[in-house]
Amino acid sequence: MNIIVCIKQVPDTTEVKLDPKTGTLIRDGVPSIINPDDKAGLELALDLKDKYNAKVTVITMGPQQAEIVLREAYAMGADRAILLTDRKFAGADTLATSNALSGAIRTLDYDLIITGRQAIDGDTAQVGPQIAEHLDLPQVSYLQALEYNNNTFTIKKALEDGYQILEVDSPCLVTVLNSANSPRYMSVKGIMDAFDKEIEVWGVDKIDIDEEKLGLKGSPTKVKKAFTKGIKASGEVYQVETQEAIGIIISKLKEKFII
Amino acid sequence: MNFNITEQEKLFLQMIREFAEKEVKPLAAEVDEQERFPVETVEKMGKIGLMGIPVPSKYGGQGGTNQIYSMAVEELSRYCATTGVIVSAHTSLCVAPILENGTEEQKLKYLPKLCSGEWIGAFGLTEPNAGTDAAMQQTIAIEKEDKWILNGSKIFITNAGYADVYIIIAMTDKSQGTKGISAFIVEKNTPGFSIGKKEKKLGIRGSSTCELIFENCEIPKENLLGKVGKGFGIAMKTLDGGRIGIAAQALGIAQGAMDETIKYTKERKQFGKKISQFQNTQFQMADMETKIQASRLLVRSAAFKKDMSLPYSTDAAMAKLMAAETAMDVTTKAVQFHGGYGYTREYPIERMMRDAKITEIYEGTSEVQRMVIAANILK
């Protein structure tokens, strides 16, 4: 079984600060990590490797510094690592990103493609499903659990209020929730060996995609404005008896269509 | 020596910090309170390779450096000095002497299981009448046909009771003095070998510290470690390496107490101000931090020299002396900053102070470290 895992390097914080002038993320001084959903995706792949001797290839698109997340993937047990890096990839929105990734994936053998559900810096949840569309593959998003049997995956997909059990034939793409598992720690030996392993660095020339679909040129989404949310008004304060307070709360909730 | 940590070390620190915070920190108070050896943590550590860091992979080790090993002990001890000393005694006092003095057969027999954590290691040198004066060994080993027969006892043995493999130092020829001392590998469950009294201690209370008893304990001839009469040298060299581990443990304890102090002094208010805003606090904390950083550089430098196969005995002694005295000083001050709260078991700081004390005593007291350092400068 050949598995491809797409991972993204993200800043390790839930309180991402924005540069008020450019509207872009301030990454200085913020440690970078493998996006949590993607790390769960990698763990899912490594678990299949343990059970079925699958070969796990990890891909990331990003600047040269993103190499470190691929080393981390090696230290956890991945077999092959590819870094997509090229000036022509820069400024990509989700569509251009998924075009680049699927362009790379087209050149590889795969039975299963795994992505995280969404990245903590962008929260779009679009790249995984878009890759499936580009490659014309069946996809299951929001994966909570997976079992494999005779080229068929049985997948537990999380919905807002329950789960769906789906069967899907390989090849297919899944997007994984970080609640699906607890990723293993890197082993010391894995860390020692990770730096002796090759990271394949691929530019546009190595992948199968029309260049027009990449980077800023291939990105229909334009960020109009990015800002840090200001503090809201202090709200209304009522100093009334309990009975009256209950009435006010109910009417406010109705006003907002909450009840 | 490069003062920047490598990318590899960075990745290792990322892993060990996450491991220590998620797996070690939550158990630290319980392990101390219940004087419980954290077997589950040892199993987890074995799985990710923490029980055999500076050992080549052909013996089942991780192929890591002593530098990385010292970082591991430091980071574990930052939350739990018990966990730190389990790894340190296992690695420096059992795995290392087998690696450095063992025959190929011994290495292949013992190291893979020790490095995977399936087996735990321990080291027996100290006796009731042979503490700092380690040459006064009364445990005796007599050669009889194809066996060695051990009689005597050892005390204060770290990991005892849980260990599967013990490096035992014994007298093989009393007339030869220190040249009549030899080292042996003794497996648990060897007839005639039993575990005696378990010590109740001030600190590192989760660490198992017991007496070892040998009554006509027969071990196979091939379990002699190194040559006959070379045991004292093996023991002293083993302790040199062990000092890097204990220095790292002391460093971790000091850093852990510092972390707590920074957090607490920035929260605690008295006289309308955070106590971190008082100059007395600031000056003392500046001194604490400086000593910690100085200790860290000594630990790293000793580990670096060991990695480079350079003489490191004095460096290890200096690292241990400095780090142990820093740990004691920093934890005592940290309790003071925490006031009454720091004296209670609600905060981890009193435990850190209790744990720190042993680092000035075991694997060579601070006085022994000064002897080693002085002997080197006055030779």
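Chain B has a radius of gyration of 21 Å, which agrees with the value near 21 Å for a compact globule of 379 residues. The model is predicted. Along the principal axes, the C-alpha atoms of chain B fill a box of roughly 80 × 45 × 40 Å.

**Chain B overall**
- Chain B has ten helices and ten strands.
- Of its 379 residues, 54% count as buried.

**Helix α7 of chain B**
- Helix α7 of chain B covers residues 279-307, 29 residues in total.
- From first C-alpha to last, α7(B) reaches 42 Å, close to the 42 Å expected at 1.5 Å a residue.
- Buried positions in α7(B) include B:Met288, B:Ile292, B:Leu298 and B:Val299.
- Charged side chains are also represented there, with B:Arg296, B:Arg300 and B:Lys306 among the buried residues.
- The buried residues of α7(B) pack against three helices of chain B: α3 (66-79), α6 (231-267) and α8 (313-343).
- Just after α7(B), B:Ser309 takes a positive phi of about 60°.

**Contact between chains A and B**
- Twelve residues of chain A are in contact with 15 residues of chain B.
- On the chain A side, α2 (67-76) and α5 (188-194) each supply at least two of the residues that touch chain B.
- That side of chain A divides into eight nonpolar, one polar and three charged residues.

Terms used: Residues numbered from 1 in each chain as written. Chains lettered and ligands numbered in written order. Predicted model: local features only at pLDDT ≥ 70, side-chain atom pairs only at ≥ 80, totals over all residues. Contact = placed C-beta atoms within 7 Å. Helix = DSSP H or I, 4+ residues; strand = E, 2+ residues; numbered from the N terminus. Rg over C-alpha atoms; globule rule 2.2 N^0.38 Å. Buried ≥ 20, exposed ≤ 12 C-beta atoms within 10 Å, placed from the backbone. Expected span 1.5 Å × (residues − 1).
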